[in-house]
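Reader: I'm new to this one. Please walk me through it, starting with the strands.

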Amino acid sequence: MDKIKATTILCVKKDNKVAIGGDGQVSLGDSILKRTAKKVRKIHNNEILIGFAGATADAITLFDKFEAKLDEFKGNLKRAAVELAKDWRTDKYLRRLEAMMAVADKKVSLIISGTGDVVEPDDNIIGIGSGGAYALAAARSLIDQEKLSAEDIAKKAMIIAAEICIYTNTKITIEKL
């Protein structure tokens, strides 16, 4: 999978709860254009969380396509993700879109990319974007701490990523189920 730069999205599942966090920074080259963008959302009757890394217009297009797939497949997250990935890879217009998505419900977490990848992580933690690897590593180090919820882990790990990645800030939005 190609590494999309200029954002950090982290998804954590723990104890039948799921949280997805995203930073608020929008960058153009080495300049910060916005600090408070919202890159994570609840969709499909507030039963599914989604976060994106990549170009905003591309991500919004993919949000719309993904919601249509969820409606078509009656909320079946895996099926909708596979069908979106197929369309994304084969459609002449869609395949030019540069983004990655992390999607989750209470049962499954997935990474969806324009290369046709739909990946379910072994450890229920997803990190995408330029700071994704930092947030992922931090979340993995925190996951076994019994006192921390999925939301707590996501927030702490996102802050750690923001301290390392210049394309990530601490204006973090977290959605949870």
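Author: First, a term: two strands pair if DSSP finds at least two bridges between them. Strands (E, at least two residues) and helices (H or I, at least four) are DSSP runs, numbered from the N terminus. This is a predicted model: local features need pLDDT of at least 70, side-chain atom pairs count only at pLDDT 80 or more, and totals for chains, interfaces and linings use all residues. Residues are numbered from 1 along each chain as its sequence is written, and side-chain values use heavy atoms, without hydrogens or water.

Reader: Good. Which residue stands opposite M100?

Author: S113, in β8. M100 itself belongs to β7. β7 and β8 run antiparallel and share 5 bridges.

Reader: How many residues sit in the hairpin between β7 and β8?

Author: The hairpin joins β7 to β8 through 4 residues. D105 is found in that loop, between β7 (99-104) and β8 (109-113).

Reader: Is β7 enclosed or exposed?

Author: Largely enclosed by the rest of the structure, because 6 of its 6 residues are buried. Buried means under 20% relative accessible area, exposed over 50%, and partly exposed in between (1.4 Å probe, protein chains only).

Reader: Which residues cover each face of β7?

Author: A99, M101 and V103 lie on one side. M100, A102 and A104 lie on the other. Every one of these is buried.

Reader: Back to D105. Which side chain of opposite charge is nearest?

Author: K13, at 5.5 Å. Lys and Arg count as positive, Asp and Glu as negative; His and chain ends are not counted. D105 is buried yet has no salt bridge. A salt bridge needs a side-chain nitrogen of Lys or Arg within 4 Å of a carboxyl oxygen of Asp or Glu.

Reader: What does the D105 side chain reach, then?

Author: Two backbone nitrogens. The nitrogen of K107 lies 2.8 Å from a polar atom of the D105 side chain. For the nitrogen of V108, the distance is 2.8 Å too. These are polar contacts: N or O pairs within 3.5 Å, in which, within protein, one atom must be able to donate a hydrogen and the other to accept it; residues adjacent in sequence count only if both atoms are side-chain atoms.

Reader: What does β1 pair with?

Author: β2 and β10. With β2 the pairing is antiparallel, over 6 bridges. K13 stands opposite V18 there. β10 (125-129) also runs antiparallel to β1, with 5 bridges, and I9 faces I128. In the hairpin of β1 and β2, D15 takes a positive phi near 55°.

Reader: New topic: helices. Which residues of α2 are buried?

Author: L77, A80, A81, E83, L84, A85 and W88. The buried residues of α2 pack against β6 (48-54), α1 (56-72), β7, β8 and β9 (118-119).

Reader: E83 is charged. Which residue is its salt bridge partner?

Author: K86, with the closest N and O atoms 3.3 Å apart. E83 and K86 are 3 residues apart in α2, so about one helical turn separates them. K86 is partly exposed, at 44% relative accessibility.

Reader: How many salt bridges are there?

Author: There are 9. E72 and K69 form one of them, at 3.9 Å between the closest N and O atoms. K69, E72 and D87 are linked in a network.

Reader: Which residue does E151 bridge to?

Author: K176, with closest N and O atoms 3.0 Å apart. E151 lies in helix α4 (150-164) and K176 in strand β11 (173-176), so the pair ties together parts 25 residues apart in sequence.

Key
Contact means heavy atoms within 4.5 Å.
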